Each structure stands twice: as structure tokens, then as C-alpha cells.
Amino acid sequence: MKKTGLALTALLLLLAGGRLFAQSGAGNVHYVFSGDSRMTDLFSKELEERFTVYNRLFRFDESKAAFPLQVRLIDNGQAYTDYVSSRLGSDRPGAVYLHYASPERRELVIHTAGDERAGQIPHQAFIQFLRAFVSNPPAWMREGFAVYFSSLRADENGELSYEENLSWLNTVKTMGSRMPRIETILLADNRTVPENFQASAWALVSFFLNSGKEEYFRTMIESFMILDNEKTAAENGEAVYERISAWAPQPALSADFGSYIASRRTFAELVDEGTKAYGSGDPLTAELAFMAALDQKPAQHIPYYYLGLIAYDEKNYNLAEQYYRSSLEYGADRALISYALGLNSVAAGKNSEAVVFLQDAAAASPERYKDRVEVLLDRIK
């Protein structure tokens, strides 16, 4: 069982090979579809699984939601643009949730053939879910969780996988002293919305979920319970702020938030740390960095390759082969990995396997490996 992000522990999602099994049950329960698309069954499955994932965290009472959630699927691009523009006055490529005071008019509109849909559906589907229960949630909660869930993606079969979204981390880190106070983020609905609000809202959500301190996670969960569908966003924001302040004093909360942001590193930062540590002869630090990188992006090949090198150096040839094969599976250069597998097999005393791997490396990139492979083959024959 492989974890695909720190926050999955908090969400209690069921994982298998990086795939989320939301276990929403058979059939469509929460959504009703309109439009002329032939993809209704696929989107029904995806959205039901999304709903289950969302509510495993929020735990809203489903009897109080504005059901059913309406979804309009439009295959034709011009028809999608015309429909959305007639309601918003402008186009919103991919997907958009249209919210109205009357629940029966609310709908998620999806351009089923749009290139942008993969990026927009996660964001817009979450907002539809949240506003089905709370018409006017606090802005930080709406935007922060929408970004947080934006990397909950569906494959061609409608099944979900998750990689933690750290796209805003560099922005948050570079804000430094310009980072809004937590109070400012929580009360954005009745004050001036701060600069880079979406980034700040995401950072606060990530902190509540991943700080490792149970009191912050519990306080966040409890804040969901006091949201009122009849209140304005400002009123809900004030109520949540008072709840959080009562159980998480601001000085300690702010200090822990700052420490958390400083401690988080992007995938690129972790890979850079790992390669530098490996190059300087510090395999333990390198291994920890690469494992942390895989925790964020389990389908990236670079960490697997370096973990294979570390295992090879430690003479753990079976483990090295597993890592090399994983690196190849996720898109690593075939010639490079075949050559590494060949060297690994030679070291493990598996000469017949080594010949196959080495010949494959030479065939894949003769300009890089032909001469080296010929020398090695002469040695092991």
C-alpha cells in the first residue's frame, strides 16, 4: 500500500498502488445529468467517487444538502462556450460551476471534449459539493480546499488518484513578511481580500491537514460543523474564526504555521537535495529526500533511479532492480536503465540476464553505450 501525499493520512483514503477507491456504492446517488453527451456513465462514476472522498473529510449530513447535484455535459465546444457565456457574460474553458440562490438552477457545466477539463473539473466539482451543503462558505475554505483537491484526478475509467498539490508553495515561501496573518485569511469575507489569497488559503488548509498536531486537525473538522447554510460568507467566516481562536491561540498557531511552511519542500527541491547528497557521499540523506519526493509524486522516475543507485552501492541488487524497473515504468530513459540493470545483474552474478540488458542498452542508444557494452560483454563471456 503506497501513500501518495502527507494529507492522505488525514483524509483516511483507501489506497492501492496510488489509486483511490472511494467506495461510493453502486450507481449514481447524488447527481443528475443533462445534455446530449455519451459520457454520462463515466462522469457519473467520477463525480460519485469525488463526492465520497470530499465527504470523508467534511462529514456533512447528506439529508441537508441541496440534492440532486445537477451536471450538464456538453460535447460541442461552441455549444459549451455559448451556454456558459450566456450565463456569465464570458467563457470559462473546461468546466464551471454556476451557483444561484435557487438550488434547482445550480449546475456544474462540463465541456467533455475540452483540453482544460482535467484541470478545471477537480476545482469546480469541489465547489459544487461544498456549496450544496453551505451556500456561502468562507472564502478561505472554498478556495483553499478547491486548490487542495485540484490534483485529485480521474483516469480514462473515472477512477481517482491523488498527488499533493504544491503548485503554490514557492509563491507562499517567497511572500515572507508579506504573508497575510491567519486572522486576515480566515476573515477575508468581511475585510479586504489579501494579495495572493488563493495561495494563502491553500497554505492554511495544507497546514491544518498536515501539521502533525491533532488539535489543529480536530479544530478544523469542528469548524465544518458550525457552518450555516442560511448565513452569509462573512458570518460563516466569523463563526469559524471564533471557533478556531477559542481552541488554537493565535500566537502559537501563527508560529506553528510559519514553521510548517518553512519545512515544506517541493518535489524539485527534494530531488535536488537528494542528488546533491548522493553526489557528496551521503546516501542516507539522499534516500530520505528521494523517498519524500516519491511521497509527493509516486509516478516520477528520477527518485526511483537514484534509489536504485543507492541500493546497488549497498549491494542490495534485488532491491536495486526493483527500483530501476519502476523508474523505467514511469518514463526513464530506456538505454540508461537497461545499462544500469545490466551492471546490476553483473554484480549479482546473473550474467545471462546482464547480456540481455546490456544489448538492449546498446541497441537503444549505440552512441552512448555500444563501446562500453562491448567491453563488458567481453569481460563476462
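Q: In what order do the four strands of the open sheet run?
A: This is a predicted model, where local features need pLDDT of at least 70, side-chain atom pairs count only at pLDDT 80 or more, and totals for chains, interfaces and linings use all residues. Residues are numbered from 1 along each chain as its sequence is written, and side-chain values use heavy atoms, leaving out hydrogens and water. Strands are DSSP E runs of at least two residues, helices H or I runs of at least four, numbered from the N terminus; two strands pair if DSSP finds at least two bridges between them. The pairing here is mixed, and the order is β3-β4-β6-β5.

Q: Which strands sit at the edges of this sheet?
A: Look for strands that pair on one side only. Those are β3 (31-35) and β5 (95-98).

Q: Which residue in β6 does V96 stand opposite?
A: β5 and β6 (residues 107-111) pair in the antiparallel sense, over four bridges. Opposite V96 stands V109.

Q: Is E164 buried or exposed?
A: E164 is in the loop between β8 (160-162) and α6 (169-175). Buried means under 20% relative accessible area, exposed over 50%, and partly exposed in between (1.4 Å probe, protein chains only). Because its relative accessibility is 5%, E164 counts as buried.

Q: Which side chain makes a polar contact with the E164 side chain at 3.1 Å?
A: A polar contact is a pair of N or O atoms within 3.5 Å; within protein, one must be able to donate a hydrogen and the other to accept it, and residues adjacent in sequence count only if both atoms are side-chain atoms. The E164 side chain has such a contact with the side chain of N210 at 3.3 Å. At 3.1 Å, the partner is R264.
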